[in-house]
Amino acid sequence: MQEIRCPHCGEVFQVDEAGYAAIVKQVRDKEFEKEIAQRESAAVQLAISQAEQKKDQELNRLHMQLEALKQSGQAERDRLRAQSEMEQLKDRQTIDQLQKDLSAQMEKARDAVRLAVQEQQLKIQALESELRHEKDDRANREHQLREQHKIELAMKDEQIAQYKDFKTRQSTKMIGESLEQHCLTEFNRIRMTAFPNAYFEKDNDARTGSKGDFIYREQAEDGTEILSIMFEMKNEMDTTATKHKNEDFFKELDKDRREKSCEYAVLVTMLEADSELYNTGIVDVSYCYEKMYVIRPPFFIPLISILRNANLNAVKARQELALIKEQNIDITNFENEVNEFKEKFAYNYQQASKRFQEAIDEIDKSIDHLEKIKKALTASDRQLKLANDKAEDLSIKKLTRGNPTMKQKFAELREADGE
């Protein structure tokens, strides 16, 4: 179904595929005819405008010639002849030419319109073909879905009928025991071929206050435990007034698993017969309780096989690791001795490094003291150089400057030396 909204009132109404296609085709045809009419009108107006423009240009040219004849002073005959030619051209040549131009423009417009019509028709045909293919694909998908749903419903109905028939043949007293007996029978049927070293018996130990229904244990030849599972079986008649849920038994089952030291916990249940979750197969509920699964009775043996095969690989890995450790015990001892030597060497190295660092620190202190002495001597040397520079710069002239008495004495000494 397609939805269409009214542009005036805003109301939305639905139409089927055929009605929707008819409305689309009607709107498309009207818009297309309107567009063709507009294009034809535009083409005609353009052709008429161009013809009138050419006519005006020819008339202007003739008028210019006539004015030229008048200005050149020709005779009235020439004027009349020019006027006659102008009228003839106006009545014959110009009109013929305009008609030819108009016909050519009209033909071009028609060709353009025909080409546009052809293009639109091709587009319409392509859209109609695509719409037909889409309808066929949709019809095929709907048919396949209907057939698949019919098959699934038939399988569900058959499974429900089997459950109902199974339960109607049992009494209220036997309803809880029948599922346990069914699982025990299924296990014993293949025990010697598939699980020859396995233990699968009822849990009769109620010392902790509660107990499960069955315990599965299996050991390897060397006594290593391969797998252990605590099983709980839950069933009830369809006519039971109070309906239980599977999750009502998770907490107690997890408690039994821990108290009996089992690795996994499995609830084999006929509860919630209409649940799509539990009817799909093996349901992992470890997001609530560690290593816990919920299954229907047909998955009882397959789940044991899956867990057993997974744990066998882990057991093999542990056995190989133990064997490698036994074979490499000398290497381990050697590594321990090497590690012990490394530790002692590291301790001695740390002590030597500590002493070495202390010596370095003392040397650094001595260097700092010598640097201070060096700086003091350097400063003293600079002072001596300054004093020497001042002594060398000292002269008689500088000593007598500003001292007339000393200047006169030195002058008298020089005169006495000259005599």
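**Entry 1: starting out**

I'm working from a predicted model. I wanted to know how many salt bridges the structure holds. The count came out at 12. I picked a few of them to look up. A reminder to myself: side chains of opposite charge can pair when their charged atoms come close.

**Entry 2: a pair in helix H2**

I began with Arg 138, which forms a salt bridge with Glu 134. Their closest N and O atoms sit 3.3 Å apart. Where are the two in the chain? Both belong to helix H2, which covers residues 76-168. They are four residues apart there, so about one helical turn separates them.

Next I checked accessibility. Arg 138 has a relative accessible area of 26%, so I noted it as partly exposed. Glu 134 comes to 41%, and I put it down as partly exposed too.

I then looked up Asp 203 and Lys 260, whose side chains meet in a salt bridge with an N to O distance of 2.6 Å. Buried or exposed, I wondered, for Asp 203 and Lys 260? Both turned out to be buried.

My next stop was Arg 257, which meets Asp 254 in a salt bridge at 3.5 Å, N to O. These two are three residues apart in helix H4, so they too are separated by about one helical turn. I have Arg 257 down as buried, and Asp 254 as well.

Which residues do salt bridges with shared partners join into one network here? I wrote down Asp 254, Arg 257, Arg 258 and Glu 290.

**Entry 3: Glu 218**

Last, I turned to Glu 218, which lies in strand S4. Why does Glu 218 count as buried? Its relative accessibility is 2%, and the cut-off for buried is under 20%.

I also looked at what surrounds it. The side chain of Glu 218 has a polar contact of 2.5 Å with the side chain of Tyr 216. Leaving aside neighbours within four places in sequence, I listed contacts of Glu 218 that include Phe 195, Asn 197, Ala 198 and Arg 308. Thr 224, Glu 225, Ile 226 and Leu 227 are also in contact with Glu 218.

Key. Residues are numbered from 1 along each chain as its sequence is written. This is a predicted model: local features need pLDDT of at least 70, side-chain atom pairs count only at pLDDT 80 or more; totals for chains, interfaces and linings use all residues. Side-chain values use heavy atoms; hydrogens and water are left out. A salt bridge is a side-chain nitrogen of Lys or Arg within 4 Å of a carboxyl oxygen of Asp or Glu. Buried means under 20% relative accessible area, exposed over 50%, partly exposed in between (1.4 Å probe, protein chains only). A polar contact is a pair of N or O atoms within 3.5 Å; within protein, one must be able to donate a hydrogen and the other to accept it, and residues adjacent in sequence count only if both atoms are side-chain atoms. Contact means heavy atoms within 4.5 Å.
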